[in-house]
Amino acid sequence: TLLDALDAHNLVVALGPAGTGKTYLAIAKAVERLEAGAVGRIVLTRPAVEAGESLGYLPGAMEEKLDPYLRPLYDALNDRLGGKRLKQLLNDGGIEIAPVAFMRGRTLNNAFVVIDEAQNCTYGQIKMLLTRMGWHSTMVLTGDPDQSDLLPNMSGLSDVARRLDALDDVAVVKLEDQD
């Protein structure tokens with residue numbers, strides 16, 4: 001199961017259709033590890049894929065423009081932590097939420113990293129994200145390869161999952177509709 005994989009591996013790829021709990025379970029495990037002191041922070045990221053509108057034309061500052069893309073992550077965190085604790089962790093850096101583009105050049109040590117909606121990342125973006133994983137960290141990629149908002153054959157999730165599935169120390173979990 002996905003929860004077993006999250007307990008046993010530092011790198012997990014969770015594939016499956018919407019509603020199977022990929023993101024929620026990954027965030028729940030991240031919160032559990034943070035609260036237990038097993039990691040120093042949670043880093044959540046997802047691609048800001050535009051659906052016919054340009055971010056630049058939306059009103060407001062960058063945070064306001066990105067908020068709709070990141071809202072599902074806030075919702076899951078709020079459900080697990082409550083609003084007050086979530087706000088505290090966001091303010092003190094215990095939880096960081098950022099778009100994929102902001103991950104380049106970083107090394108994420110002592111962190112639980114969730115890359116959500118990875119089907120909307122190119123192969124190059126996923127490779128960049130995987131190389132961000134540092135010491136004492138766990139990384140989870142979640143996504144549904146059948147639901148990409150990218151142009152056909154642009155998503156790198158299926159290819160990366162296939163390649164990583166051959167490695168013993170990486171878990172690739174494929175959830176189905178019944179999950």
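Two strands pair if DSSP finds at least two bridges between them. Keep that in mind as you explore this predicted model.

**Exercise 1. Which residue in strand 3 is the bridge partner of Leu-44?**

Step 1: Find strand 2, which covers residues 41–46, and strand 3, residues 95–99.
Step 2: Look across from Leu-44 and you meet its bridge partner, Ile-97.
Step 3: Now check the pairing. Strand 2 and strand 3 run parallel and are joined by five bridges; the definition asks for at least two, so they pair.

**Exercise 2. What stands opposite Ile-42 in strand 4?**

Step 1: Locate strand 4 at residues 111–115.
Step 2: Opposite Ile-42 you will find Phe-112.
Step 3: Strand 2 and strand 4 also pair in the parallel sense, over five bridges.

**Exercise 3. Which side chain of opposite charge is nearest to Asp-144, and how far away is it?**

Step 1: Go to the loop between strand 5 (138–143) and helix 6 (157–165), where Asp-144 lies.
Step 2: The nearest side chain of opposite charge belongs to Lys-22, 5.8 Å away.
Step 3: A salt bridge needs a side-chain nitrogen within 4 Å of a carboxyl oxygen. Asp-144 has no salt bridge, although this residue is buried.
Step 4: List some neighbours. Leaving aside residues up to four places away in sequence, Asp-144 touches several residues, including Gly-16, Pro-17, Lys-22 and Leu-157.

Note on methods. Residues are numbered from 1 along each chain as its sequence is written. This is a predicted model: local features need pLDDT of at least 70, side-chain atom pairs count only at pLDDT 80 or more; totals for chains, interfaces and linings use all residues. Side-chain values use heavy atoms; hydrogens and water are left out. Helices (H or I, at least four residues) and strands (E, at least two) are DSSP runs, numbered from the N terminus. Buried means under 20% relative accessible area, exposed over 50%, partly exposed in between (1.4 Å probe, protein chains only). Lys and Arg count as positive and Asp and Glu as negative; His and the chain ends are not counted. Contact means heavy atoms within 4.5 Å.
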